[in-house]
Every structure is written in C-alpha cells, then in structure tokens.
Amino acid sequence: MKISGWKEKLLSAGGKEILLKSVVQAIPTYAMSVFKIPKKICKGIIDAMSHFWWGDEDNQKRMHWMAWWKMCVPKDQGGMGFRDIHCFNLALLAKQAWRLLDNPDSLCTTILRAKYFPDGD
C-alpha cells in the first residue's frame, strides 16, 4: 500500500491525522462512488491506516490503544473523525441512486433506463 513508505515517526499525531484523512481516505472516493468495494478490501484499507496511525512496522507491532471503530466516531462525540470505509462506500452508492431517482431526465438516468428497463420503469 502507498502509506507503507511514509515515515510515521517523523509526523506528529496531527500530521498523521491530516495525511490519513486528506490522502488515504480520498484516493478511493471515485471508485467507491461507482462500485461496491468488497468488505475484505475495505478491511485492508482500514488495517493499513491503523498500522500507520499506531506506528506498526513489519517486524514489530505496537499497542493499539483504542479500537479503530471508536476512532471513526465523529470528533464532537469524542472520536477522531476517521471515515468507516465500508459505510462511506455505501453512502456514496446511495447518493448515486438518489441522483437517478431525483433527476429522471438526466442523461445518465435516460441511458440506464433504456438499457435495463426498455419496456417500463
């Protein structure tokens, strides 16, 4: 994974947080808005983020002081505000479905309706 080459020891906690949120969570956003990513791949992304956050190395695993799901809780509720990758994927797909239902005259809706529902709706 891309983050394995980054030196987490050189970054503060705030720097690691910004790096994970702005790069790692943003990279798969387009693919997630189009495809349902398997849970195994989502877990792999989360594991890589967790290892980077806690400073794990190949030969030495460090203590993870908090469960990752607790770090995905919003900041105003006491968490770190990281995204749950699987839930984010489902939310992006739901957004696409809503666009299709909300804009029945859009080009995308017209093409999908012609391809998959030629005789009805």
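Start with the protein chain as a whole. Among its contacts (heavy atoms within 4.5 Å) with a separation of 6 or more, 57% are between residues 24 or more positions apart.

This is a predicted model, in which local features need pLDDT of at least 70 and side-chain atom pairs count only at pLDDT 80 or more, while totals for chains, interfaces and linings use all residues. Residues are numbered from 1 along each chain as its sequence is written, and side-chain values use heavy atoms, with hydrogens and water left out.

Colour by confidence. The score is pLDDT, the predictor's confidence in each residue, from 0 to 100. The protein chain averages 82, and 84% of the residues score at least 70. Confidence is lowest in H1, with a mean of 75, and highest in H5, at 93. Where pLDDT is low, the predicted coordinates should not be read in detail.

Switch to a cartoon view. The protein chain has 6 helices and 0 strands; helices (H or I, at least four residues) and strands (E, at least two) are DSSP runs, numbered from the N terminus. Of the 121 residues, 27% count as buried. Buried means under 20% relative accessible area, exposed over 50%, and partly exposed in between, with a 1.4 Å probe and protein chains only.

Next, select Leu-20, Met-49, Trp-53, Trp-68, Phe-82 and Ile-85. In the largest nonpolar core, which has 18 residues, these touch the most other members. A nonpolar core is a set of buried Ala, Val, Leu, Ile, Met, Phe, Trp, Tyr and Cys residues joined through side-chain atoms within 4.5 Å. Helix H1 (13–24), H3, H4 and H5 each supply at least two residues of this core. H3 gives the most, with 7 residues.

Stay on Ile-85. Leaving aside residues up to four places away in sequence, Ile-85 touches Gln-25, Met-32, Cys-42, Ile-45, Ile-46 and Met-49.

Now show the aromatic rings. How many aromatic pairs does the structure hold? There is 1 aromatic pair. Trp-68 and Phe-82 form this pair, which is stacked, at 5.0 Å centre to centre and 25° between the planes. Rings of Phe, Tyr and Trp (its six-membered ring) pair if their centres lie within 6.5 Å; planes under 30 degrees apart count as stacked, over 60 as edge-to-face and the rest as tilted. The pair links distant parts of the chain, 14 residues apart: Trp-68 is in helix H4 (residues 68–71), and Phe-82 is in the loop between H4 and helix H5 (85–102). Both Trp-68 and Phe-82 are buried.

Two charged side chains come next. Arg-83 lies over the face of Phe-88, 4.2 Å from the ring centre, and Lys-115 lies over the face of Tyr-116, at 5.6 Å. The rule is that NZ of Lys or CZ of Arg is within 6 Å of the ring centre and within 35 degrees of the ring normal.

Select the cysteines. A disulfide is a pair of cysteine sulfur atoms within 2.5 Å, and by this rule the count comes to 0. Cys-42 is in no disulfide; the nearest cysteine sulfur, that of Cys-87, is 9.2 Å away. Cys-42 is buried, with a relative accessible area of 2%. The sulfur of Cys-72 is too far for a bond, because the closest cysteine sulfur, in Cys-87, is 8.6 Å away. Cys-72 is buried too, at 18%.

Finish at Trp-54, in helix H3 (residues 39–54). Trp-54 counts as buried because its relative accessibility is 17%. Trp-54 and Ala-13 are 41 residues apart in sequence and 9.6 Å apart in space, C-alpha to C-alpha.
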